Amino acid sequence: MPPAIQIDQINKSFLSGRTTNYALNNLSLIIQKGEVFGFLGPNGAGKSTTIKLLLHFLRPDSGTMQIMGNTIGRDEFRHQIGYLSEFPCFYDHLSATETLMLAGRLSGMSKNTLHIRIPELLARMGLSDAANRRVGGFSKGMKQRLGMANALIHNPQILIFDEPMSGLDPIGRHLIKDIILELKKLGKTIFFSSHILSDIQALCDRIGIIHKGKLLYDGKLADFIQNDHLEDRFVAMIEENDRAAISH
Ligand SMILES: Nc1ncnc2c1ncn2[C@@H]1O[C@H](COP(=O)(O)OP(=O)(O)O)[C@@H](O)[C@H]1O
Ligand SMILES: [Mg+2]
């Protein structure tokens with residue numbers, strides 16, 4: 001069986017004015033089916049760029065990416081993926097229910113199925129009371145919860161979340177963590193980015209650590225931490241890498 005996600009020697013740069021900013025440097029990663037993979041790195045490391053490449057919102061300079069063995073971008077490949085952006089955007093004038101109806105219909109789901117699925121998902125996200133309210137009036141936390149419902153509406157096998165816990169209060173973060181654990185039990189593959197180390201620790205089988213576009217570690221969380229604290233190990237690795245870069 002092909003891996004859920006395969007990233008092979010991806011390079012990605014952005015031109016800003018006359019300077020070229022190398023956002024990803026020869027990134028390769030394999031995420032197996034059923035794994036919860038935490039993509040960890042400081043701000044500007046290249047996490048969101050990787051995720052946008054996986055969703056085919058951006059194109060790489062070189063390298064290839066596959067989802068369940070299919071080259072991304074082909075054959076309605078997004079139907080297999082649930083995506084939560086770091087900054088979910090919606091149509092302000094639609095209600096929560098209408099938003100999910102739109103997303104579900106775009107994924108090819110029937111209205112009858114959606115009439116059952118939407119109230120269930122809104123209840124799970126603690127949004128039942130807001131089901132018929134306009135999304136324009138939602139708080140950041142409510143938008144994040146709706147974003148999670150939006151990612152799950154079509155019951156995809158692979159979930160890609162960009163900083164799913166950022167900007168949430170403790171209740172919201174707890175809810176998202178619970179949902180990730182539930183999805184894991186269902187055998188889904190989850191790839192999520194974070195710079196919040198405690199969240200990674202509670203959820204992941206494997207982690208990747210990225211810094212300045214380079215993968216510094218890829219493996220089991222336990223092997224990385226050893227007997228230390230995740231935060232100490234993480235900071236030490238980033239600092240060591242920066243020192244090595246300066247001395248070259
Ligand atoms: N659209 C863009 N244009 C120019 N530079 C970008 C763009 N998107 C990201 N970058 C740059 O690429 C690098 C990685 O950014 P990003 O993937 O957003 O990091 P992270 O999500 O890990 O915080 C940063 O240096 C960022 O400034
Ligand atoms: Mg980001």
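Mentor: Helices here are DSSP runs of H or I with at least four residues, and strands are DSSP runs of E with at least two, both numbered from the N terminus. Please keep in mind throughout that this is a predicted model.

Trainee: With that in mind, how many helices and strands are there in the protein chain?

Mentor: Counting the runs along the protein chain gives both kinds of element. The totals are eight helices and 10 strands.

Trainee: Which radius of gyration does the protein chain have, and why does it agree with a compact globule?

Mentor: The C-alpha trace spans about 60 × 40 × 40 Å along its principal axes. A compact globule with 248 residues would have a radius of gyration near 18 Å, and the value for the protein chain agrees with this, being 19 Å.

Trainee: Turning to the helices, are α2 and α4 roughly parallel or roughly antiparallel to each other?

Mentor: The axes of α2, residues 96-106, and α4, residues 140-152, come within 9 Å and cross at roughly 30°. Angles under 35 degrees count as roughly parallel. The two helices, which pass each other in a right-handed crossing, are therefore roughly parallel.

Trainee: Which residues make that contact between α2 and α4, and how many of them are nonpolar?

Mentor: On the side of α2 the contact is made by A96, T99, L100 and A103, while α4 contributes L146, A149 and N150. None of these residues is charged and two are polar, which leaves the nonpolar ones, and they number five.

Trainee: What is the orientation of α2 to α3, and what is the handedness of their crossing?

Mentor: Helix α3 covers residues 111-124, and α2 packs against α3 at an angle of about 125°, with the axes 10 Å apart. That angle makes α2 oblique to α3. As for the handedness, the crossing is right-handed.

Trainee: Which residues meet where α2 packs on α3, and how many of them are charged?

Mentor: From α2 come A96, T97, L100, M101 and G104, and these meet L114, R117, I118, L121 and L122 of α3. The residues of this contact include seven nonpolar and two polar ones, and the number of charged residues is one.

Trainee: Is α4 roughly parallel or roughly perpendicular to α5?

Mentor: The axes of α4 and α5, the latter being residues 170-185, come within 11 Å and cross at roughly 10°. In the contact, G141, Q144, R145 and M148 of α4 meet G172, I176 and I179 of α5, and these residues divide into three nonpolar, three polar and one charged. The crossing angle makes α4 and α5 roughly parallel.

Trainee: Finally, which element supplies the largest share of the shell around ligand 1?

Mentor: The shell consists of F14, S16, N21, A23, G41, N43, G44, A45, G46, K47, S48 and T49, and these divide into three nonpolar, eight polar and one charged. At least two residues each are supplied by β1 (5-16), β2 (19-31) and α1 (47-54). The largest share, three residues, comes from α1.

Methods:
Residues numbered from 1 in each chain as written. Chains lettered and ligands numbered in written order. Predicted model: local features only at pLDDT ≥ 70, side-chain atom pairs only at ≥ 80, totals over all residues. Axes fitted to C-alpha atoms, helices over the stretch in contact; angles between N-to-C directions. Parallel < 35°, antiparallel > 145°, perpendicular 65-115°, else oblique. Left-handed = near helix turned anticlockwise from the far one by under 90°. Contact = placed C-beta atoms within 7 Å. Nonpolar A, V, L, I, M, F, W, Y, C, P; charged D, E, K, R; others polar. Near = placed C-beta within 6 Å. Rg over C-alpha atoms; globule rule 2.2 N^0.38 Å.
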